[in-house]
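Here is a friendly briefing to read alongside the model.

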Amino acid sequence: MLRVQLITIGSGGSKMCIYSSEQNSRRTGVLIMLQEFVDNLLAVTKESVKTFTYESLNNIARLINGVSALLLAFLPGKSNILEGASGWELRPTLRGPRLPRWMENGVSSFNEFIHELSFDSSDAESTSEYSTHGDDEHEDPMAPPSPLSTSSRLSRTSSFSKYDRRLVRFVRYILSWMLWPITLLLWSPLVLIQLFRPRPGRSGTSATVGRKTVLVKEHVVQRATDRRRGVFEDLQLAIEMFIESVFEMVQKVAHFILSPTEAGNKVYSWLYPHANGNDEGSDSDTDIPIQTATIGSENPIPTQRQISYPHYLNTDSRTCEDVIAELGYPYEKIKVVTSDGYILLLERLPRRDSQKVVFLQHGILDSSMGWVSNGVVGSPAFAAYDQGYDVFLGNLRGLVSREHVDKNISSRKYWRYSINEHGTRDMPAIIEKIHEIKTSELSKTPPACPRDDLPPDQPYKLSAICHSLGGAVILMYVVTQRISNLPHRLSRLILLSPAGFHEDLPLVFTVAEKFVVLLGPILAPLFPGLYIPTRFFRMLLNKLARDFHNYPGLGGLVQTLMGYAVGGDSSNWLGAIGLPHYNMYDMPGVSFHVALHLAQIKRSKKFRMYDYGRASTNIEAYGSPEPLDIGANYHLIDIPVDLVAGKRDRIVPPSMVRKHYRLMRKGGAEVSYNEFEYAHLDFTFSHREELLAYVMSRLMMEKGNSVKGTSVRLRKLKKKGEMVAEGEITAAS
């Protein structure tokens, strides 16, 4: 009886166990179905929200693009200004943003060309740092007083009035409170991108190395296409990442509720992170060791170099070194220290045994990037190197990074300079450094075919190609060196739309001149340097340049408005602000005293040195109550000068370049003049084969003789009685 009962109880227990297991399996199946349902529901909802926000932002962008195109249709004179933006299309469309013709697959022709080579070539570099200090100046008692020794020093003396620093701090405090809402609004997408960007998962060492290898490949692709994001794309990406993060969090919470066991395991893994035996991988995936070599070294052994990729910001911060190295040309970086402590960057495409040397100097708000920005076939620097020249690229003082021997120099002290310092401090230091390098190299490695017509103290010929403000600086340098009885070491000048005379300018520059002269004493301490002040706004400009290309209506409107701001000049302003030297880390700026100096030149209608505002200060600097007139001393120029003007140039019109020509002819200088159908920035930034051929032909001329096969004929204008060139190169008989 007892045995039967036990069997009955046992069978009943087994039935209960079978029933409970079936119940658990059904419950598990229901939970799995619920999880799948929740996952599907969240996935559909997430994609719907992402699609809605994406289309909404696209519609906003299309609306802005369409309204811009509509406004552009009513602006007068837009056709001439937009002509400078090569291949620009302005066809309003409702199909979304349309790329310009010259951008294939979202890549500009410039960036597509300079990234043809592999990524490894861009990391190769050859840097040799030099430093120089100003040599002692030798003054001849019979020579006129030289501004070289005193003009720069006086720019730091009491001639500049002392202002109350409390007023400066108060104004900056008010401006910061006015701008902080805009800054907060514009910073939000980037903060979201950095906050919600995917982190590397936990894995072993081998997995981490594999992940880094993939990242290098991704950066090669990004670098090879230069597909940097614009503001609209950043906003879309930030919102998408935010939506992904929110729905991922909701999905995890739902899984925890529907699966308590999995929730317990997750909590346990959080409390005891090392229980699984896996170490936490490096959180930073942006510092990647890459094997690199040095260009031009005797034994180029690959070395490890840390390269940082701020990929979540996705900005273009390439330097002139990057562009030159990517194209396979040799490169050297030389640090030059001026006599007043400024550290200048002199870049070089070296031909150490060449006795032909060319120096290229940029203009205002520009850098050496302008001479290499058109690739191999359109850049003067590469063209000169291919013709056998040792090429030096100069950079004037005036970077936001404030390179100076005094690492703690204040902004007000750093930006306290005028064009005087460019011509009497920067240029002598650069030219003497070139002389020091070439003399040393040619003495160690004599050229294969040495020239007999060169003096032993300068066994090379140095020519200079200068644009805009660089032309005024080099002219000031030559004149002041001649007054001081010091060698300028130059054999030829090729000046592309040189500054120096500015009275014949549009109304907008006249208004700016009166504004700067009138409010100069007030604005100088508040805004010592004119540049984009913060990294955020510099990055914003870098990204807006991409938006202006992605949305042609908006880009055309900005191009037209910028053309209006500079008096109707049709240069490719959108392309100029998109150059990588305007990046979040650094950019070329301009001193307020340089702007004031240009305003003084315009008002006086003379190319003269800086007016300190006091007769006593001017006498101490120049030996007379008035500043030294550079144009009146053009008779001291003892080398050939080639002047080139642009018929569409509104910043330095042809009439102002012809004024240089007339004064040089009057002083007896050997000078030629030519005009091209170009705007101001076309001389360096745009790809102009005709101009490049002309510049190279003048560069290869010997003093007083023309190159075989070409000559430039001059004719007289009957109306004005002045010598101008016909604007074309004709075959010599």
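Gln-600 is found in helix H20, which covers residues 592–604. This is a predicted model, and in it Gln-600 is buried, with a relative accessible area of 14%.

**Around Gln-600**
- Leaving out residues up to four places away in sequence, Gln-600 touches Tyr-610 and Asp-611.
- Val-516 is 84 residues from Gln-600 along the chain, yet the C-alpha atoms of the two are separated by 9.3 Å.

**Aromatic rings**
- Searching the whole structure turns up 16 aromatic pairs.
- One of them joins Tyr-610, the contact partner of Gln-600, to Tyr-612 in an edge-to-face arrangement, with 5.2 Å from centre to centre and 70° between the planes.
- The pair counts as edge-to-face because the angle between its planes is over 60 degrees.
- Both partners are buried: Tyr-610 has a relative accessible area of 4%, and Tyr-612 has one of 8%.
- Elsewhere, one aromatic cluster is formed by Tyr-342, Tyr-414, Trp-415, Tyr-417 and Tyr-531.

**Nonpolar cores**
- The largest nonpolar core has 112 residues, and the members that touch the most others are Phe-359, Val-391, Leu-393, Ile-465, Leu-490, Leu-493 and Ile-637.
- Helix H15 (residues 469–483) gives the most to this core, contributing 10 residues.
- Another core lies apart from the largest one and has nine residues, including Phe-232, Tyr-551, Leu-554 and Leu-574.

**Helix packing around H17**
- Helix H8 (residues 231–258) packs against helix H17 (residues 535–550) at an angle of about 100°, and their axes are 7 Å apart.
- Since that angle falls in the range from 65 to 115 degrees, H8 and H17 are therefore roughly perpendicular to each other.
- On the H8 side, the contact uses Val-231, Phe-232, Glu-233 and Asp-234, while H17 supplies Leu-540, Lys-543, Leu-544, Arg-546, Asp-547 and Asn-550.
- Sorted by class, this contact of H8 with H17 holds four nonpolar, one polar and five charged residues.
- H17 also meets helix H18 (residues 552–565), where the axes come within 5 Å and cross at roughly 115°.
- H17 and H18 are therefore roughly perpendicular to each other as well.
- Here Phe-548, His-549 and Asn-550 of H17 meet Pro-552, Leu-554, Gly-555 and Val-558 of H18.
- The contact of H17 with H18 divides into four nonpolar, three polar and no charged residues.
- Asn-550 takes part in the contact with H8 and in the contact with H18.

- Most residues other than glycine have a negative phi.
- Which loop holds Ser-468? Ser-468 sits between strand S9 (461–467) and H15.
- The phi of Ser-468 is near 55°, and the residue is buried, with a relative accessible area of 7%.
- Ser-497 also has a positive phi, of about 50°, and lies in the loop between strand S10 (492–496) and helix H16 (507–526).
- With 0% relative accessibility, Ser-497 counts as buried.

Note on methods: Residues numbered from 1 in each chain as written. Predicted model: local features only at pLDDT ≥ 70, side-chain atom pairs only at ≥ 80, totals over all residues. Heavy atoms only, no water. Axes fitted to C-alpha atoms, helices over the stretch in contact; angles between N-to-C directions. Helix = DSSP H or I, 4+ residues; strand = E, 2+ residues; numbered from the N terminus. Parallel < 35°, antiparallel > 145°, perpendicular 65-115°, else oblique. Contact = heavy atoms within 4.5 Å. Nonpolar A, V, L, I, M, F, W, Y, C, P; charged D, E, K, R; others polar. Core = buried A, V, L, I, M, F, W, Y, C linked by side-chain atoms within 4.5 Å. Buried < 20%, exposed > 50% of the residue type's maximum accessible area, 1.4 Å probe, protein only. Phe/Tyr/Trp six-rings, centres within 6.5 Å; stacked < 30°, edge-to-face > 60°.
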